[in-house]
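Okay, thanks everyone, let's get going.

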Amino acid sequence: YRALEKVLQSLSPEQVIEEVKNSGLRGRGGAGFPTGMKWSFVPKDSPKPKYLICNADESEPGTFKDRVLIERDPHAIIEGTIIAAYAIRSHTAFIYIRGEFAFGSRVLETAIEEAKEAGYLGTSILGSGYDLELILHRGAGAYICGEETALISSLEGGKGWPKVKPPFPATHGLFGCPTVVNNVETLAALPWIIERGAAAYGALGTEKSKGTNLFSVSGHIQNPGVYELEMGYPLQRFLEEDCGGVANGRRLKGVIPGGASMPVLRANEIEGVRLDYESLQQAGSMLGSGGVIVMDDTTCMVKAAGNIARFFAHESCGQCTPCRGGCHWMEKVFYRIEN
């Protein structure tokens with residue numbers, strides 16, 4: 001909590017926002033929107049309470065980096081949440097955790113109690129006069145609640161249905177009040193940025209994709225797991241050298257670089273591709289939430305696509321017709337081809 005001490009003792013909320021803007025940190029939940037800019041949209045003069053929500057509803061297939069942070073380093077998330085809440089002048093913050101993360105929610109509950117006892121949460125934190133209450137809320141296992149407006153609907157007690165934007169959560173969020181929703185990994189990066197400075201973080205990565213990113217690697221790969229890489233790291237080198245190559249001596253057929261809802265790259269399409277927002281977009285896919293799913297030459301792509309379609313059909317919140325009906329039709333089409 002050294003970064004939090006630094007913030008409360010020597011930085012104003014505006015200075016914290018400026019520091020995060022200068023670092024170039026972008027949201028790690030999938031959209032990649034600049035974090036400091038997102039915070040600056042919150043109106044300073046609003047008479048309504050402001051809310052900060054940590055999005056721990058990690059439900060994208062192939063993504064498990066937030067779970068590792070929750071279970072192994074909960075205090076980094078809590079410290080980052082407090083720093084973000086201070087920056088937007090919020091006095092009530094929430095961690096919305098995926099319903100299936102039963103162990104992770106117990107870890108976070110314990111960590112929140114420890115932080116309270118140490119004086120990092122509650123009234124006048126570290127004697128600064130700044131108050132913050134942090135509430136852990138467990139979801140009910142709906143994929144759609146990873147989307148920020150659906151998460152807000154769920155947190156309000158309603159169905160996890162996304163809201164039409166605009167208005168955006170920054171002005172009309174939780175209970176109609178100014179709200180910022182940030183991903184677990186985004187918030188966990190804040191203490192490092194505050195402690196070492198925006199320039200040190202900005203020196204890592206590429207011109208437009210700064211810092212490091214966590215990648216969850218699964219599938220037909222020798223060394224699966226969570227890897228922290230500097231943005232712009234070559235994808236082919238990462239898979240072949242760091243992850244030990246395709247398992248069982250098989251050949252690579254395809255790789256999904258950012259979670260199940262991102263386009264697949266064929267084996268001949270990954271040469272020269274780098275792990276950052278711009279390079280992957282140029283290659284025809286997206287960085288998303290960094291869920292790298294590796295498929296070898298035994299994979300039936302129709303069956304794989306059908307499996308993904310079945311997931312999205314099952315997880316559709318049913319609010320809009322194209323998804324409510326379309327996902328089930330896609331599943332049927334793939335099932336028909338497969339059989």
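This is a predicted model: local features need pLDDT of at least 70, side-chain atom pairs count only at pLDDT 80 or more; totals for chains, interfaces and linings use all residues.

Residues are numbered from 1 along each chain as its sequence is written, and side-chain values use heavy atoms, with hydrogens and water left out.

So, the chain. There are 13 helices and eleven strands; helices here are DSSP runs of H or I with at least four residues, strands are E runs of at least two, and both are numbered from the N terminus. The C-alpha atoms fill a box of roughly 65 × 45 × 35 Å along the principal axes. For 339 residues, a compact globule would have a radius of gyration near 20 Å, and the chain agrees, because it has 20 Å. That radius is taken over C-alpha atoms, and the globule rule is 2.2 Å times the number of residues to the power 0.38. As for burial, 50% of the residues count as buried, meaning under 20% relative accessible area with a 1.4 Å probe, protein chains only.

Now the holes. Rolling a probe the size of a water molecule over the atoms shows where empty space is left. We use a 1 Å grid over the protein atoms alone: a cavity is a set of points where a 1.4 Å probe fits but cannot get out, a pocket is an open set with protein on both sides within 12 Å along at least five of seven lines, and lining residues have an atom within 4 Å of a point. Points are joined across faces, edges and corners, and a volume is the space filled by probe spheres set on them.

The largest pocket has a volume of about 960 Å³. It has 39 lining residues, and the closest to its centre are Gly29, Gly30, Ala31, Gly146 and Glu148. Strand 4 gives the most to this lining, with five residues. The lining splits into twelve nonpolar, 17 polar and ten charged; Ala, Val, Leu, Ile, Met, Phe, Trp, Tyr, Cys and Pro are our nonpolar set, Asp, Glu, Lys and Arg are charged, and the others, Gly among them, are polar.

The second largest pocket holds about 400 Å³. Of its 21 lining residues, Ala188, Ala189, Trp192, Thr212 and Glu228 lie nearest the centre. Helix 8 gives the most here, with seven residues. This lining has eleven nonpolar, two polar and eight charged residues.

Last, two residues. Threonine 35 lies in helix 3 and is buried, at 1% relative accessible area. Beyond its neighbours within four places in sequence, threonine 35 is in contact (heavy atoms within 4.5 Å) with Val20, Leu25, Arg26, Gly27, Asn182 and Thr186.

Valine 292 sits in strand 11 and is buried too, at 0%. Leaving out residues up to four places away, valine 292 touches several others, among them Gly62, Phe215 and Pro257.

Okay, that's my tour.
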